[in-house]
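Open the model in your viewer and keep the selection panel at hand. The tour visits the cavities and then a sheet.

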Amino acid sequence: MITVLGSINMDLIATPERLPKPGETVMGTSFTTAAGGKGANQALAARRAGSMVRMAGAVGDDRLGSQALALLADAAVDLNAVRSAAEATGTAHILVAEEDGENVIVVVPGANGTVSEEDARRAVGAMTRGDYLMLQFEIPNASIEAALVAAKQKGVTSIVNIAPFSEAARKLGAMADILVANETEFDLFVGKGELSDEEREVTMRRLHAESGQTIIVTLGADGVAAIRKNEVFRAAGLKIEPVDTVGAGDTFCGYLAASLDAGLSFKDALRRAAVAGSLACLKPSAQPSIPFASAVDAMV
């Protein structure tokens, strides 16, 4: 069983031909909305990967709140731990460039900012030893810390995706059993500027030797690198022409957790998650692009 404690948003997505430079206005070619939020994305990915999933978080008592939960509800994600808040439902304002699929995102937390330490302890309290807890950084840091402390006490395996990166990630990310970051986030996490691939692996080995923590770094088109139980792993994704990279990292995280929850070896879980992340780049938007297990397993 997987519990995701995190953000639930509506994504507001505009598509220009290219991303604007600072101070520049560019014309867009389309606008759409889609359910999102890193927490909700990861919950849906884990569910589509085959796991039983509970979502914990908050939405506003507004039209966007019901829309943000629609795909989770359709997928039979347990939403009993999602509460209604006085704040508006969180939103993410996204620009996706037509020329290369790259994106920039501004997140307005709204109801996500009301997720409390008590919410966190309640969510973990409903879990069982050996379950997986997934966390990201779009809810208050105090709530993330409360969840990590409770998970350690309960024997729950915690997976922390340190995105979007903040200074708090250095402390809170180090508390997780499994740390997931992209290469930029990992370099910020260790605070040493931009690392070469060789320097990054040396740093991963050092951190793992000090803490025993499983560390996973996604590398975009170059796949993923990880270290677990003193062994370095690498897994390749698929060779693709990306349409939209929004949600690829969340898809990776959800499939990783679900694959481990299903009992796959770490190596196989890493490869399955990398393939799922690649497939998520072939469609626009976050949640609509998350592939189903049948599509992923056919490509692994």
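Searching the whole structure gives two cavities of 30 Å³ or more. A cavity here is a set of points, on a 1 Å grid over the protein atoms alone, where a 1.4 Å probe fits but cannot get out. Grid points are joined across faces, edges and corners, and a volume is the space filled by probe spheres set on the points. This is a predicted model, in which local features need pLDDT of at least 70 and side-chain atom pairs count only at pLDDT 80 or more, while totals for chains, interfaces and linings use all residues. Residues are numbered from 1 along each chain as its sequence is written, and side-chain values use heavy atoms, with hydrogens and water left out.

**Stop 1: the largest cavity**

Select Asp 197, Arg 200, Glu 201, Met 204, Leu 219, Ala 225 and Arg 234, which line the largest cavity; lining residues have an atom within 4 Å of a point. The volume of this cavity is about 50 Å³. Now colour helix H7 (residues 197-211), which gives the most to the lining, with four residues. Helices (H or I, at least four residues) and strands (E, at least two) are DSSP runs, numbered from the N terminus.

What kinds of residue make up this lining? Three are nonpolar, none polar and four charged. Ala, Val, Leu, Ile, Met, Phe, Trp, Tyr, Cys and Pro count as nonpolar, Asp, Glu, Lys and Arg as charged, and the others, Gly among them, as polar.

**Stop 2: the second largest cavity**

Next select Glu 201, Met 204, Ala 225, Ala 226, Ile 227, Val 232 and Arg 234, the lining of the second largest cavity. H7, strand S12 (224-228) and strand S13 (231-235) are the elements that each give two or more residues to this lining. S12 gives the most, with three residues. The cavity has a volume of about 30 Å³, and its lining holds five nonpolar, no polar and two charged residues.

**Stop 3: an open sheet**

Move to the four strands that form an open sheet in the order S3-S2-S6-S7, with mixed pairing. Two strands pair if DSSP finds at least two bridges between them. At the edges are strand S3 (28-36) and strand S7 (103-108), each pairing on one side only.

Select strand S2 (residues 9-16) and strand S6 (residues 90-96): they pair in the parallel sense over six bridges. Which residue in S6 is the bridge partner of Ala 14? That partner is Leu 95.

Key:
On a 1 Å grid over the protein atoms alone, a cavity is a set of points where a 1.4 Å probe fits but cannot get out, and a pocket is an open set with protein on both sides within 12 Å along at least five of seven lines; lining residues have an atom within 4 Å of a point.
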